[in-house]
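These are my notebook entries on a single structure.

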Amino acid sequence: MRAIEISKPGGPEVLVAATRDKPAPSGSEILVRVAAAGVNRPDCFQRQGAYPPPKGASDIPGLEIAGEVVEVGETASRFKPGDKVCALVAGGGYAEYCVVDETNALPAPKGLTMMEAAALPETYFTVWHNVFQRCGLKAGESFLVHGGTSGIGTTAIQLAKAFGARVLATAGSDAKCEAMRELGADLSINYKETDFVEAVKEETGGKGVNLILDMVGGDYISRNYQAASVDGRIVQIAFLNGRKAEADFSLLMTKRLTHTGSTLRARDVAFKAQIADELRQQVWPLLNERKVLPVMDSIFPLAQASAAHQRMEDGEHIGKIVLDAG
């Protein structure tokens with residue numbers, strides 16, 4: 001099969017076309033003929049040598065796919081050949097074929113193209129686990145998402161609004177702020193022009209927000225403590241501005257803050273299956289009814305994966321970047 005390999009750690013140019021053996025499903029696995037694969041920031045980190053695949057996972061990059069089931073393992077029963085699915089994988093997405101445990105796959109939502117379906121798993125699993133399972137966002141609460149026009153951000157805005165939260169979001173341009181408003185954000189903050197801490201305090205009457213989803217890190221950590229409400233929660237999913245920071249930790253005590261975080265890729269199949277089950281029950285109906293939708297930035301042929309990574313790293317995208325593997 002055709003696949004994209006990382007020839008050595010480095011820039012987007014180290015992604016090269018290769019030929020690999022087609023994988024075979026076993027047990028509860030399914031083999032998917034990949035129509036499309038999502039591009040995510042962790043793919044770039046892996047390419048740079050900073051985010052190796054978990055033990056046993058494919059070294060081929062790519063954490064989410066959509067396509068057609070072509071073969072099933074001996075104990076697989078949820079899907080049959082011909083079914084259209086999207087799935088969260090621990091690696092191997094940038095290829096013509098990919099295996100995944102059937103419990104980590106979901107039916108492709110009605111009316112969505114394969115390109116759109118491939119834009120779902122990584123962001124929806126991540127947002128659902130961190131915002132709703134881990135931090136318990138509730139209707140009526142205020143929610144701040146940094147990087148509001150990223151794949152994670154556009155998903156978080158829509159899901160938080162769908163479940164009744166008041167959403168505040170940050171981005172780095174007026175165009176991106178407008179895009180966030182169109183997705184339902186109640187307040188869009190251009191962080192290059194406005195101090196988001198002051199904007200949050202003004203919007204909330206000085207109370208701060210109940211929950212913050214942060215992928216920035218660095219000096220945002222101390223500023224998030226200032227922007228959070230009493231009993232506020234902060235969930236960390238990345239550190240684009242650095243893993244180390246100086247912060248006034250007394251605010252953890254005086255505000256009774258909870259600062260947590262997680263990574264998803266290395267979690268086991270059973271853990272991801274539990275997220276998939278909740279998504280199927282609570283979120284997939286919203287997708288089928290088109291009440292929430294993936295925001296698509298651009299689509300590149302699989303052979304142009306390096307250009308897709310360059311688009312990701314330029315930081316100008318709004319929504320998801322996807323590879324067409326057809």
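Entry 1. Does Val85 count as buried or exposed? I looked up its relative accessibility, which is 1%, so Val85 counts as buried. I note here that the model is predicted. Val85 belongs to strand 5. I then listed what Val85 touches, leaving out residues up to four places away in sequence: Ile30, Val32, Ile65, Ala66, Gly67, Val69, Phe79, Leu106, Pro107 and Ala108. For one of these, Ala66, I also looked up the separation: Val85 and Ala66 are 19 residues apart in sequence, and their C-alpha atoms are 5.6 Å apart in space.

Entry 2. I turned to helix 9, residues 269-288. A straight helix of 20 residues would span 28 Å at 1.5 Å a residue, whereas the end C-alpha atoms of helix 9 are only 25 Å apart. I looked for a bend and found a kink of about 45° in helix 9, centred on Arg280. Just after helix 9, Arg290 has a positive phi of about 60°.

Entry 3. Which residues of helix 9 are buried? I recorded Phe271, Lys272, Ala273, Ile275, Ala276, Leu279, Val283, Trp284, Leu286 and Leu287. Their cover includes strand 5 (84-88), strand 7 (105-107), helix 3 (121-134) and helix 4 (151-162). Strand 5, among these covering elements, is also where I had placed Val85.

Entry 4. I searched for nonpolar cores. The largest has 52 residues, and Phe143 and Leu279 have the most contacts inside it. Helix 9 gives the most to this core, with 8 residues. A second, separate core has 33 residues, among them Ala3, Val34, Cys44 and Phe300. For Phe143, I set aside neighbours within four places in sequence and found contacts with Val131, Leu137, Ala156, Ala160, Ala165, Arg166, Val167, Leu168, Leu211 and Leu213.

Entry 5. How much of helix 7 is buried? I found that 6 of the 8 residues of helix 7 (residues 220-227) are buried, so helix 7 is largely enclosed by the rest of the structure. The buried residues are Tyr220, Ile221, Ser222, Asn224, Tyr225 and Ala227. I recorded that they pack against helix 6 (196-203), strand 11 (209-214), strand 12, helix 8 and strand 13.

Entry 6. I checked backbone angles next. Most residues other than glycine have a negative phi. Asp231, in strand 12 (residues 228-236), has a positive phi near 65°. Arg256 also has a positive phi, near 55°, and lies in the loop between helix 8 (250-254) and strand 13 (258-261). I then looked up accessibility: Asp231 is partly exposed, with a relative accessible area of 41%, and Arg256 is partly exposed, with a relative accessible area of 49%.

Entry 7. How many disulfides does a search of the whole structure find? The search finds 0. A disulfide would require the two sulfur atoms to be within 2.5 Å. Cys98 is buried, with a relative accessible area of 3%. Cys135 is also buried, with a relative accessible area of 7%.

Terms used: Residues are numbered from 1 along each chain as its sequence is written. This is a predicted model: local features need pLDDT of at least 70, side-chain atom pairs count only at pLDDT 80 or more; totals for chains, interfaces and linings use all residues. Side-chain values use heavy atoms; hydrogens and water are left out. Helices (H or I, at least four residues) and strands (E, at least two) are DSSP runs, numbered from the N terminus. Buried means under 20% relative accessible area, exposed over 50%, partly exposed in between (1.4 Å probe, protein chains only). The expected span of a helix is 1.5 Å times one less than its number of residues. The bend at a residue is the angle between axes fitted to the seven residues ending there and the seven starting there. Contact means heavy atoms within 4.5 Å. A nonpolar core is a set of buried Ala, Val, Leu, Ile, Met, Phe, Trp, Tyr and Cys residues joined through side-chain atoms within 4.5 Å.
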